[in-house]
Amino acid sequence: MIAIPYLTALTTYFSYGLLFAFGQLRDFFRKFTDWFSSNNLQGYAPICLGLEDFYIRRLYLRIQDCFGRPISSAPDAWFDVVERFSNDNNKTLKRTTKISRCLNLGSYNYLGFAASDEYCTPRVIDSLKRYSPSTCSSRVDGGTMALHAELEKCVANFVGKPAAIVFGMGYVTNSSIIPVLMGKGGLIISDSLNHNSIINGARGSGATIRVFQYNTPAHLEEVLREQIAEGQPRTHRPWKKIMVIVEGIYSMEGELCKLPEIIAICKKYKAYTYLDEAHSIGAVGKTGRGVCELLGVDTADVDVMMGTFTKSFGSCGGYIAGSKELIQYLKYTCPAHLYAPSISPPAAQQIISSIKVILGEDGTNRELQKMGFEVLGDNDSPIMPIMVYNPAKIPAFSRECLKQNVAVVMGFSSNPAIVGKGTYMHICISYQGRPGEGLGGKLVISRVGDLVGIKYFPAEPIKQEQDESLKKLH
Ligand SMILES: Cc1ncc(COP(=O)(O)O)c(C=O)c1O
C-alpha cells in the first residue's frame, strides 16, 4: 500500500464524502421537482440509472471543462487546445474561436509519429492517393490489399513471432479475439487492472473469469492452483483450457508487467499467456520491441501477443501475433476479420513506415519525484501517473496547467493500492518535443503542484539546467 500523509487521506475522504452527500441531497429534491414537472413517463423506466449517472451529474459535470478538451491540430509536441466557456455552471460548454497553444503531455504519441514526419507522412499521402481512405470491404471480401499483407509480415518480424493478423481498431482486437480463443468450459485469469477491451472480450467469451491482484504473480499462482483443483463450476471437470491475460505496461498505472515471473507460473501450470502491449510496443526495449525485449523474455514463451498502433506508431488499429497455426485459425474464425472493414490503407502505411524508423529511447519520471510529487509507474514507462488524491484539486490543477499552456489528462484510478480510489494526473511523454520542453512542462507542473498543494513529499533543490528549460517554455 502507498502510505500518504494522514491529513491528505482525511481531506480526500472528506471531500468525496461532501460531494456525495450534497449530490444525494440535490437528487432528493430533484425527485420532487421532476414529479411536479413530469409529463408522464408512460410506464418507461428512466434510461439512465444508477451510480454512474449520479457520478456524471453531481461530480463530473461540475468540472467537465477539465476533460474532453477539443484539439484543433495534430497531437504534436505542442498542440492547439480550443477554449470553451459555459453559461450554465458547466452543464454545457460552448466552443470559442480562441486557441491555446499547449505543450502536449496528454497524447499517447510516444514516439512523435502522429505528427508530421519527414519519412512517414509523404508515404502515407502516396498511399492515400494510390488506394483510398477505406477499403470499404472486409478482409475476406475485397479488403485485403498488398499493404495489409506487408503490414502483417512487418508486425510479425517486429514483435518476433512467426505470423500476425491486423485489425482496424485496438479495442476490437481484444474484444473480438478473446471470445474466439476462449469459450464455455475455459478459464480466463485476468489482471484486476486490465483494460476495458480485455474485460469486455473476456465477458463476451462465455468462459469463466477469475481475477488476480494487480501485477502480483504470487496471487496469480494462488488463483491458478485453486481453480485447477476445483475445476469447472458444478461438474468439477478439468478446464478445457486456461489463459492468463496481462498488459505489458499498465495504461493507467504506468508500471511494467512482471512478465518473467508470470510466464514461469503459466508454464508451470500449463496455462496460455496473452500479453497486451498497447503501451509497451515501440515505446520500450532497446529497439522498441516491447516488454519482452526490455525484460529479456523469449517471445516464444508468450502464446498470444497483442498490441495496438494508436500509441507509438501514431496510427490506428491493433494486431495479434503468434504461431502460424494460431493466426491461420483467427483468419478463419474472427468476426472482426470476417465482417468488419479492414484497416484503412493510409493507416496501414503509417505503421509500416513508422516501424521502419523506430528507435527506442527511455523516458524518466525521476525529476517529478525529486520535485516532491508522488509518481507511480516504472522508470522506462512513458506514462507517468502523478497522485493528486483530493477531487477538489482536479479542476484547480487542470485549469491552472491549461492557463500555463500545458495539457494534461486527469483520471480516477481503480487501483486498490491507492487510498480512497484517489485521483491522479496522467502525463504522457513523447520523444517528439524539442530539447528541454519535456523538462519545461514538468517545471510548470511543479509550479502548479506548489500552488494547489499536491506535493506530498519534501522536494529536492531545483537545478540550474531546469531553470533554463522553464525560461524556454515561456
Ligand atoms: C491496454 C490497452 N489495450 C487496448 C486498448 C485499445 O486500443 P485502441 O485505443 O487502439 O483501440 C487500449 C487503449 O488505450 C489499452 O490501453
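Predicted model: local features only at pLDDT ≥ 70, side-chain atom pairs only at ≥ 80, totals over all residues.

Author: Residues are numbered from 1 along each chain as its sequence is written.

Reader: At what angle do α1 and α2 pack?

Author: Helix α1 (residues 6-37) and helix α2 (residues 50-60) pack at about 105°, and their axes are 10 Å apart. Helices here are DSSP runs (H or I, at least four residues), numbered from the N terminus. Axes are lines fitted to C-alpha atoms over the stretch in contact, and angles run from 0 to 180 degrees between N-to-C directions. The two helices, α1 and α2, are therefore roughly perpendicular (65 to 115 degrees).

Reader: Which residues of α1 and α2 meet?

Author: From α1, Leu19, Gly23, Arg26 and Asp27 meet Phe54, Arg58 and Leu59 of α2; contact requires C-beta atoms, placed from the backbone, within 7 Å.

Reader: Changing topic, how many residues of α12 are buried?

Author: In α12, 11 of the 13 residues are buried, meaning that 20 or more other C-beta atoms lie within 10 Å of a residue's own, with C-beta atoms placed from the backbone. Among them are Pro345, Gln349 and Ile355.

Reader: What covers the buried residues of α12?

Author: The cover includes α3 (120-130) and α4 (146-159).

Reader: And how many residues of α5 are buried?

Author: For α5, nine of its 12 residues are buried, including Gly170, Asn174 and Leu181.

Conventions: Parallel < 35°, antiparallel > 145°, perpendicular 65-115°, else oblique. Contact = placed C-beta atoms within 7 Å.
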